[in-house]
Amino acid sequence: MGLAYEILGPVRAYRDGRTLRLPAGRPTAALVTLLLHAGSAVPVERLCQELWGARPPASAVANLRSHVSQLRHLLTSPGEPVRLRAECGGYLLRVEPGELDAAEFERLADEARAARAHGATDLAAARCEQALALWSPTEPPPAYGPVTAATFDRLRERRAEVRETYAQARLELGDPGSPALTALLRRHVAEHPLRESGWCLLMRAQHRAGDRSAALQTYRAACRALAGELGVPPGPELTELYRTVRRGDGPPVRSTLRVPGRSPRGAPPLRLTPVPHELPCAAAPFVGRRAELARLTIGLARAGRRPTTLSVYGMAGAGKSALALRAAAETVDTFPDGQLHLDLGGSVAGARLPPLQVANRVLRSLDPGAGPATSLAEARARVRSLLFDRRVLLVLDNATDPAQVEELLPVRGGCALVVTSRTPVLDVAGRIRLEPLPQEDGLALLRATVGDRQVDEEPEAAVAVVTFCEGLPLALRTAARRLAEGSHWSMARLARLLRDERFRLAETGLRPRLTASYHRLGSAATVFRLLGRTCPGPVTADQAAALTGVPREEAARALDRLVAAQLAEPVGRGRFRLGELVRLYAAELAATEATAEAATEAATGAGAGATAS
């Protein structure tokens, strides 16, 4: 017994060819969202945002359960495993290969692209024709939520690319400018008036058909569209084609028919390269971050003809990597040409990857058979060539400076770059600062890590643990490992351990991460250590100068460096504070320095005494 779904037009579901009656409104919208994320658990929060917007009503979760129950009953057949189930705080819909028209469209489009790249023009045309036939003449209904809407925008963009690939292949195979091809291209430019490539194809088809007047009219229509919407003249390809038609030159010569799977005569055989899928499976629970996750996923889903760059930054342990990887996993279908992940080493002192090594690592993932580049400029240029006009996602984690991540994306294509870092290394509009988790989300992370029972039995101790860990996901997860050591550990005992400043930093696991930030402070390191030794609350530059004994301007510049390194935060005009965990780290450094100074003085005194005797 088989199911089939159609969403590239009016939403329909079938079982063994029989149409299923879908409930109207939000239940069907929920089904579409689940289909677009088939095989992955969609969090309840995301579904509520998709169905009711940024501020869902109090009844949203209950209503969602009702909608899911309707769909589960509709899609499950006796004797068959449940298709729609609750999983990981959300719902997962199982869809088999060939059941969803959108997935089939993507598959056929990928096959068409591969066939065309390897010279199999007739096979590419056939796959394009099959892919386009999956779209209904009636457009899909308006999407409820922004991520679903962005996904459909991407599908429409890809349909436009498939149309143009199909038309180009038909012309190369000798299509005489047939009425069917011309009509398809007329519809295409009406829907996408700013795609010059579409206008060029229509002109070529008309020119091939011997209709010179229609080709010239098409050129004038393209000029009006580009000038009216973008205020720009036509590009060189369209202009040169216009001159060819004006001169009355003959139509383009028919290309030689290519045999599927073979390269053109004289051309070297093309090498197939594997599509990289490097995103790791999340090993730790992910909670909260609804607004930040929505911004990232929407930004990634909107990757179109121009590449997209997004940046996540914040202090050590705030969960930047987890957020970036969660957003990447939720939008993985947006990037069928590959997903890359690389840790640039910024979270640990001394582990930073040089820019050339970063570029060569990306190059090796995209083309495993190619040798490494010998210069940074060459490596970046080869990466851009491999990414041009493709949809590849690059997640570059723990960057320390712009040189590691800049100049990797090409000028055109649906690629996206997500960079995580302590400080904002890229000046981009899609920049997100990650704050510590609020108490409610910190408790939710604690529940997801150790279970509900321990939190419910000792709620006050659980709140204390979240407070001492300052809402940092890394600190919470590290501290909570104590509770897994055995029944002799309780939440109250963990809270008492964290309350003791002698042990708190070690129990949260933040010391190596803070060390990486500290090593990049430069001259501000002295002020940082002295502020830890004096244990102040919020300070001004004048107070910092008095406490540390450095000139005021030097103290002011040092405070700015601490803020940039996420080791201090502004708390009003001209006032700054160190978080308790950061202050403990600074105090630890100051104590170590004082001990070293005392040992040096003692050794010097002993040496002087020996000389005098």
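I began at Val232, which is partly exposed at a relative accessible area of 35%. I keep in mind that this is a predicted model. Val232 sits in the loop that runs between helix H9 (212–229) and helix H10 (236–247). I then looked for its surface partners.

Next I took the whole chain. I counted 25 helices and 13 strands. The C-alpha atoms fill a box of roughly 110 × 65 × 45 Å along the principal axes. Of the 613 residues, 48% count as buried. The chain exposes about 28,600 Å², and carbon and sulfur atoms supply 54% of that area. I also checked contacts between residues at least 6 apart in sequence: 69% of them join residues at least 24 apart.

Then salt bridges. The structure holds 45 of them. I looked up several.

Glu330 pairs with Arg46, and their closest N and O atoms are 2.5 Å apart. Glu330 belongs to helix H12 (residues 320–330) and Arg46 to helix H2 (residues 44–52), so this bridge ties together parts 284 residues apart in sequence. Are these two residues buried or exposed? Both Glu330 and Arg46 are buried.

Glu407 and Arg380 also meet in a salt bridge, at 3.7 Å from N to O. Glu407 is in the loop between strand E9 (393–399) and strand E10 (416–421), while Arg380 is in helix H14 (residues 376–387), 27 residues apart. Arg380 counts as buried because its relative accessibility is 8%, and the cut-off is under 20%.

Arg453 and Glu457 make a salt bridge at 3.2 Å, N to O. Both lie in helix H16 (residues 452–457), four residues apart, about one turn of the helix. An α-helix has 3.6 residues a turn, so residues three or four places apart point the same way. I find Arg453 exposed, and Glu457 too.

I also noted a network of salt bridges. It links Glu139, Asp153, Arg156, Arg159, Arg163 and Glu191.

Last, I turned to helix H20 (residues 501–508). Which of its residues are buried? I list Arg504, Leu505, Glu507 and Thr508. Seen down the axis of H20, the buried residues fall within an arc of 165 degrees, so they line one face of the helix. Just after H20 comes Gly509, with a positive phi of about 70 degrees.

Key. Residues numbered from 1 in each chain as written. Predicted model: local features only at pLDDT ≥ 70, side-chain atom pairs only at ≥ 80, totals over all residues. Heavy atoms only, no water. Helix = DSSP H or I, 4+ residues; strand = E, 2+ residues; numbered from the N terminus. Buried < 20%, exposed > 50% of the residue type's maximum accessible area, 1.4 Å probe, protein only. Arc of directions from axis to C-beta. Contact = heavy atoms within 4.5 Å. Areas by Shrake-Rupley, 256 points an atom, 1.4 Å probe, with all protein chains shown as cover. Salt bridge = Lys/Arg side-chain N within 4 Å of Asp/Glu carboxyl O.
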